[in-house]
Amino acid sequence: MAAAQGAGSSSAGLAGPPASAPGHSSSSTAVAVWEWQDEFGRWRPYRGNVCSYIEQVIQAYQQKGRRSGSGQVSSIPLGHADPALAPYVIDIPSLTQFRQDTGTMRAVRRHVFPGDSAAGQGIVWEWQNDEGGWSPYEMNVCVFLEQAHATNHQRVDLRSLGYNYEVDFVAQVQTNKTTRFRRSVQRRLDTPYPVTTSTALLHTGMGCSCQQCWPNNGTGPITTRYRHSMTNSPNSSTTHQVPGRTASVSSSNVGFVPYNKPTLTGARSTPRLGAQNTVVLAQTGSLSAALAASNGVSAQALPVKMSKPSRVSQALAATSTEPESVVKKYLEELKGAPADEDCMICMEKLSSPSGYSDSCQSSTIRPEAVGRLRNCQHSFHMLCMLAMYSNGNKDGSLQCPSCKTIYGEKTGTQPKGKMEISTFPQSLPGHKDCGTIRIVYHISRGIQGPEHPNPGMPYTARGFPRYCYLPDNEKGRKVLELLKVAWKRRLIFTVGTSSTTGESNTVVWNEIHHKTEMDSNLSGHGYPDPNYLDNVLAELAAQGVTEDCLGQ
């Protein structure tokens, strides 16, 4: 990796983009960058090889999409370009990325940059994350940094791009202007983004009010339909990096690195439910074996004890967890002709056989059988639901891929560990009327079980113990009690691929956000945050953890 070199004689810092950065360029050479939108409203680019594949499929869609018939391409399985992205598909008509094992949906867009920009040259600027790996800046920031670097600026201010950081090219560091916390930065060569013959105006970084950049500073067609009437309304919060020394909060919502599952093979629509990422970083120190207690909760001020046997083990041992009986329990088979829509799991028409009919066999469920979930009324191939369930934790629960309604009691794959709880009188910003609850999670490295991506292989546990904070008020204590339930159900962490380092077979967060800093919420992981408690309650509810669980 080539580090950024401070060059030139300019001694003054750059407070905004270079003169050529804002607005549009008339250059005839352009490259296409496909991006997905994270929960903070920021656009994250796919890598160059993935974008090249998306461009190829989109071109085929534009050429054939005007013709009706079963041969029309309507989705893009990203695993064809990068095996680590196997669980993800892009629905072309709605410009939505769908993660099949969790149901998470993200907006995607096509962004065009000049061919002589950083994107066209394959230059990526990155900042060093808390786990020692490198995370790329957004592409418009990369373009801005490369322009400044090429014009011999020694430092730049990113405030015009929505970041509270300065980048010093000479020292090769990024500095938080409020906390003065510093991170290393580097300049790296990667695969150039694909050349496009699009005649649209070229966008060179800063958002503007032209139709190309609207809505959400996006490009491409405005989305008009979503499968099963699902709309994607990402949070528009302007939070960005983690400026402290804590780990990234989410394993799947941030970074879109897949939760690795055993791969299904033979599906006509390609196996999309699993992949393996072979990137492994050097082993670092681990916690004492004394911390690798059973999945219980220990506390100094708020004690709780996990009953034996646990509800997790009871669920896994239940006879009702037989895959076919679970599917039939929660889906009612439709007798008439199904609706003229796609199955969200295999992306085949519901009127056609399941895309997994070649790889998932059943003696009681026909490939063409379509079922409707009893509560939310969403319809899928029953064989697709069987394949999805068989590829997961097999705990007796199902989750609707469309609306995420949970049927049964959902459990996860969190490794063994310990949860400690204590309180202290210091207040959190925004909660001056109460003290603070501190949660400490301990998980040690170990061997993956049958429920994990690679059974029998070791997994690492970076960044433990992890410290998290809640206000010690009524709502904060409610969140704490629900987090205890989520911990017992093994839902807070999982084994997968780190979104910040790319390391596979490691313990990562699992879609329930935690505040890992007491103050300085520039990162999104601290306080004040008036919406956090409501947001985490919604995330817990999405995992089936609600107030109804507290009396159980």
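Select helix 7 (residues 474–488) and helix 8 (residues 532–542), which pack at an angle of about 25 degrees with their axes 10 Å apart. Helix 7 and helix 8 are therefore roughly parallel to each other, a label for angles under 35 degrees, whereas angles over 145 count as roughly antiparallel, 65 to 115 as roughly perpendicular and the rest as oblique. This is a predicted model, in which local features need pLDDT of at least 70 and side-chain atom pairs count only at pLDDT 80 or more, while totals for chains, interfaces and linings use all residues. Residues are numbered from 1 along each chain as its sequence is written, and side-chain values use heavy atoms, with hydrogens and water left out.

Helices (H or I, at least four residues) and strands (E, at least two) are DSSP runs numbered from the N terminus. Axes are lines fitted to C-alpha atoms, for helices over the stretch in contact, and angles run from 0 to 180 degrees between N-to-C directions.

Remain with this pair and display the side chains. The contact (heavy atoms within 4.5 Å) involves Lys 475, Gly 476, Lys 478, Val 479, Leu 482, Leu 483 and Ala 486 of helix 7, together with Leu 533, Asp 534, Val 536, Leu 537 and Leu 540 of helix 8. By class, eight of these residues are nonpolar, one is polar and three are charged; Ala, Val, Leu, Ile, Met, Phe, Trp, Tyr, Cys and Pro count as nonpolar, Asp, Glu, Lys and Arg as charged, and the others, Gly among them, as polar.

Next, select the open sheet of six strands, whose order is 9-8-13-12-11-10 with antiparallel pairing; two strands pair if DSSP finds at least two bridges between them. Strand 9 (134–136) and strand 10 (155–157) stand at the edges with a single partner strand each, so one side of each has no neighbour in the sheet. On average, neighbouring strands of this sheet are turned by 30 degrees against each other, direction ignored. Within the sheet, strand 8 (residues 123–128) and strand 13 (residues 182–189) run antiparallel and are joined by five bridges. Glu 126 stands opposite Gln 186 in strand 13.

Strand 17 and strand 18 (residues 370–373) pair over three bridges, and Leu 331 has Leu 373 as its bridge partner in strand 18.

Is helix 6 largely enclosed by or largely open to the rest of the structure? Eight of its nine residues are buried, so helix 6 is largely enclosed; buried means under 20% relative accessible area, exposed over 50% and partly exposed in between (1.4 Å probe, protein chains only). Among the buried residues are Met 382, Cys 384 and Tyr 389.

Finally, select Tyr 467 in strand 26 (residues 466–471). At 35% relative accessibility, Tyr 467 counts as partly exposed. Its C-alpha atom is separated by 6.7 Å from that of Tyr 441, 26 residues apart along the chain.
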